[in-house]
Amino acid sequence: MRIEIFDDYLTTKVVENSTQDEYILHLTNATGEFVGKIRTEYERLLNDVMEKCFDKDIFKSKQAKEIISYITNKYGDELEYLWPKFPKNAI
């Protein structure tokens with residue numbers, strides 16, 4: 001899998017080692033054991049990269065961003081995501 005990261009997005013390409021041909025079945029509705037394994041690993045790798053390379057931007061409203069900025073500037077605290085079952089909830 002090849003991943004290119006730009007300022008605010010990424011691109012991916014899954015390539016067969018032996019032929020260097022692009023594999024695209026994992027992006028379709030194709031079914032089967034092999035394509036299922038490729039799709040699962042593709043999604044796992046993408047999630048790993050996104051988690052490690054991009055900032056979470058869960059709170060999108062102007063008001064929420066102002067409150068977060070105020071707390072960060074006043075108290076030096078960052079958001080904490082404490083609950084794995086609720087990854088978009090922070091304190």
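**Salt bridges**

I began by counting salt bridges, taking one as a side-chain nitrogen of Lys or Arg within 4 Å of a carboxyl oxygen of Asp or Glu. By this rule I get four salt bridges. I am working with a predicted model, where local features need pLDDT of at least 70, side-chain atom pairs count only at pLDDT 80 or more, and totals for chains, interfaces and linings use all residues. Residues are numbered from 1 along each chain as its sequence is written, and side-chain values use heavy atoms, with hydrogens and water left out.

For exposure I used relative accessible area: buried is under 20%, exposed is over 50%, and partly exposed is in between (1.4 Å probe, protein chains only). Helices are DSSP runs of H or I with at least four residues, strands are runs of E with at least two, and both are numbered from the N terminus.

- Lys37 and Glu33 join their side chains in a salt bridge at 3.4 Å, N to O. They sit four residues apart in helix H1, so about one helical turn separates them.
- Lys52 and Asp48 pair up at 3.1 Å, N to O. This pair is also in helix H1, four residues apart, or about one turn of the helix. Lys52 is exposed because its relative accessible area is 63%, while Asp48, at 28%, is partly exposed.
- Lys62 bridges to Glu66, with the closest N and O atoms 4.0 Å apart. Here the helix is H2, and the four-residue spacing again means about one helical turn. Lys62 is exposed at 65%, and Glu66 is partly exposed at 46%.

**A look at His26**

Next I wondered: is His26 buried or exposed? It is buried, because its relative accessibility is 6%. I found His26 in the loop between strand S3 (22-23) and helix H1 (33-53).

Which residues is His26 in contact with, leaving aside its neighbours within four places in sequence? With contact meaning heavy atoms within 4.5 Å, I listed Val14, Val35, Ile38, Arg39 and Tyr42. I also noted that the His26 side chain reaches the backbone oxygen of Tyr23 at 3.5 Å.

**A patch on the surface**

Ile67, Tyr70, Ile71 and Tyr75 make a nonpolar surface patch of about 430 Å². Patch residues must have over 30% relative accessible area and no salt bridge; like charges are joined within 9 Å, and nonpolar side chains (Val, Leu, Ile, Met, Phe, Trp, Tyr) within 5 Å. I checked one of them, Ile67, which lies in helix H2 (residues 62-75). Ile67 is partly exposed, because its relative accessible area is 45%.

**The whole protein**

Last, I stepped back to see the overall picture. I counted two helices and three strands, and along the sequence they run β-β-β-α-α. The radius of gyration is 18 Å, well over the 12 Å that the globule rule gives for 91 residues, so the protein is more spread out than a compact globule. That radius is taken over C-alpha atoms, and the rule is 2.2 Å times the number of residues to the power 0.38. The C-alpha trace spans about 55 × 30 × 20 Å along its principal axes.

How many of the 91 residues count as buried? I noted 10%.

Methods
Areas by Shrake-Rupley, 256 points an atom, 1.4 Å probe, with all protein chains shown as cover. Polar contact = N/O pair within 3.5 Å; in protein donor to acceptor, adjacent residues only side chain to side chain.
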